[in-house]
Amino acid sequence: MTDAPVLEAEPAVAATLFGDRLEVARSFTNELARRGEELGLIGPLELPRLWTRHILNSALLAPLLEADGRVGDVGSGAGLPGLVLAIARPDVSMTLIEPMERRVDWLQSEADRLGLDNVTVLRARAEDVSDDLVLDQVTARAVSALSKLIPITVPLVRSGGQLILMKGARVDDEVAAARKVILRKRLSDVEVLELGVGVVEETTRVFRATVD
């Protein structure tokens, strides 16, 4: 009989990334570890790397958010990165956009439980709310390839705002494949950032661009 996975010990760098918000981040992580598999939010093998691969990975985006900004997170799912960013940046108004009812219920219950009054949860697809939202920045994690994600996220952002999209190791290939879409959507200041180098074990790659 195989032992059940054990939650990864909290890395020391979590205190650096979350500062005085560490207790809130710890509470969220523990609840995600407790209920995440049952609710279909995380896979059964994620507990031994929950902090490293998911929580810290998301928190690395926090310094990229505008002060007092309006930020949307597309396909929030388990709250990665949306709830993590709302915890790390209480000055930022986070709108979590998620179409699945079960995940929406989780996001709302966690926002309420953690006292995150900077969070709004919308049950919708991003394509269906573009007329209702004007955001400074949009984030997304593991939603789809850039060629599909860019057309979905651009309409949510004001002119001069930014896309901050978390991607994997093949992000450069995705950028190349999305070249025509990037031109058609008139994105500028396009860059790929690697966050957390020398700080965390698993760095975070981000596609960042300015919306015309």
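Let's start at Asp-136, which sits in strand β4 (residues 135-141); strands here are DSSP E runs of at least two residues, numbered from the N terminus. This is a predicted model, where local features need pLDDT of at least 70, side-chain atom pairs count only at pLDDT 80 or more, and totals for chains, interfaces and linings use all residues. Residues are numbered from 1 along each chain as its sequence is written, and side-chain values use heavy atoms, with hydrogens and water left out.

Asp-136 counts as buried because its relative accessibility is 7%, the cut-off being under 20% relative accessible area with a 1.4 Å probe and protein chains only. Its side chain makes a polar contact (N or O atoms within 3.5 Å, one able to donate a hydrogen and the other to accept it) with the side chain of Arg-158, at 2.6 Å. Beyond four places in sequence, the contacts of Asp-136 (heavy atoms within 4.5 Å) include Glu-66, Arg-70, Val-157 and Gln-162.

Now over to strand β7 (residues 204-210), where six of the seven residues are buried. Strand β5 (residues 157-167) runs antiparallel to β7, joined by six bridges; pairing takes at least two DSSP bridges. Leu-163 has Ala-209 in β7 as its bridge partner. Strand β6 (residues 188-195) also pairs with β7 in the antiparallel sense, over six bridges, and there Val-192 partners Phe-207.

Definitions and conventions:
Helices (H or I, at least four residues) and strands (E, at least two) are DSSP runs, numbered from the N terminus. Buried means under 20% relative accessible area, exposed over 50%, partly exposed in between (1.4 Å probe, protein chains only).
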